[in-house]
Amino acid sequence: MAIRDEIVTVLGASGFLGRHVVRALARAGYRIRAACRRPNLAQFLRPMGAVGQIDLVRADIRDEESLARLLERSHAAVNLVGILQEAGGQRFAAIHADGAERVARLAGAAGIDRLVHVSAIGADQKAASAYARTKGDGEAAVRAILPSAAVLRPSVVFGPEDEFFNRFANLARYLPALPLIAGGRTRFQPVYVSDVAAAVLAALGAEARGRIYELGGPRVMTFKEVLELILEVTHRKRLLVPTPLPFAYLAAALAELSPTRFAGIAPPITVDEIRLLESDNVVGSSGDGVGTLADLGIARPAAPEAIVESYLWRYRKGGQFEASPA
């Protein structure tokens, strides 16, 4: 493989999506500046490329000086930094909005005109959810500062280290029933993490400049269908209990006040995540002029049924080789 003389800086390189993006960029021959807060814990990224191809660099999206140094002499940048729940100094506004603005501004100052900004379906500056609202603020800032940036909005991303299928599979190990919040009718379009990584790679091309893409897999699933798939794959029988929104909000608020939260243990679901479950999370919600995976050359994205068993088996009582129930 020929190594290109182009450096791509990847922010959030050691995260769930980041490790797959680094692998895709390395296979395409880019030199990669893999930015993360704890490079000593990200050594697993180095073998994804040739010797010297992947450089681990410490950076924090909230730190102007470290970001400016990071983006120097880069030819392109990818911002993957995001959080699902607030904790400590990690706040939605600081990461999704202020951080995105900072990356775009400093990238422009460094002469970078190829920026891929990963947001989320449902990003909206008027959203009730703080997660979606700050994602919308971040998008608006990026597009105002660097109009050439490509914005990717994935639906729920699944893969071995995901925080969606894994979370509910883990809950099914301990709870006799799982909640069908809002009746389980909320629709998702789960997209495989490797397909999102391929989309990031494609979005570095000239055709993606200044465009928005919504990324979804081949199947739209309700929340109930997601839970049913998890239970089928993990060989568990659990009640699926319709849970009215007021009760779900109360339970989430109490979970956020639990002493375990202050010990660093994340609650199973937050009030803000309940707000997200009030709206569908599928491709096409933003209207015309928005691209899809197909527009980025990914014609056959993977379906959850083809992938999730390869990692959810660890939630079975008997492990990987447990026989399927009759």
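Two strands are said to pair if DSSP finds at least two bridges between them. In the predicted model described here, strand β1 (residues 7–11) and strand β2 meet this criterion, pairing in the parallel sense over five bridges. Within this pairing, V10 has A34 of β2 as its bridge partner. Strand β2 spans residues 31–36, and five of its six residues are buried, so this strand is largely enclosed by the rest of the structure. Buried here refers to a relative accessible area under 20%.

Strands β1 and β2 belong to an open sheet of seven strands, arranged in the order β3-β2-β1-β4-β5-β6-β11 with parallel pairing. The edges of the sheet are formed by β3 (54–58) and β11 (212–215), each of which pairs on one side only. On average, neighbouring strands of the sheet are turned by 20° against each other, direction ignored. In general, strands of a sheet pair through backbone hydrogen bonds, in either a parallel or an antiparallel manner.

Elsewhere in the sheet, strand β4 (residues 76–79) is joined by three bridges to strand β5 (residues 115–118), and the two run parallel. A77 stands opposite L115 of β5. Helix α6 (residues 193–203) lies across β4, β5, β6 (150–154) and β11, and runs at about 170° to β6.

A nonpolar patch on the surface is formed by L250, L254 and L257, which together have about 330 Å² of accessible area. Of these residues, L254 lies in helix α8 (residues 245–256). L254 has a relative accessible area of 53% and is therefore exposed, the cut-off for this class being over 50%.

Technical notes
Residues are numbered from 1 along each chain as its sequence is written. This is a predicted model: local features need pLDDT of at least 70, side-chain atom pairs count only at pLDDT 80 or more; totals for chains, interfaces and linings use all residues. Side-chain values use heavy atoms; hydrogens and water are left out. Patches are made of residues with over 30% relative accessible area and no salt bridge: like charges are joined within 9 Å, nonpolar side chains (Val, Leu, Ile, Met, Phe, Trp, Tyr) within 5 Å. Accessible areas come from the Shrake-Rupley method with a 1.4 Å probe; for residues, only the protein chains shown count as cover. A salt bridge is a side-chain nitrogen of Lys or Arg within 4 Å of a carboxyl oxygen of Asp or Glu. Helices (H or I, at least four residues) and strands (E, at least two) are DSSP runs, numbered from the N terminus. Buried means under 20% relative accessible area, exposed over 50%, partly exposed in between (1.4 Å probe, protein chains only). Axes are lines fitted to C-alpha atoms, for helices over the stretch in contact, and angles run from 0 to 180 degrees between N-to-C directions. Contact means heavy atoms within 4.5 Å.
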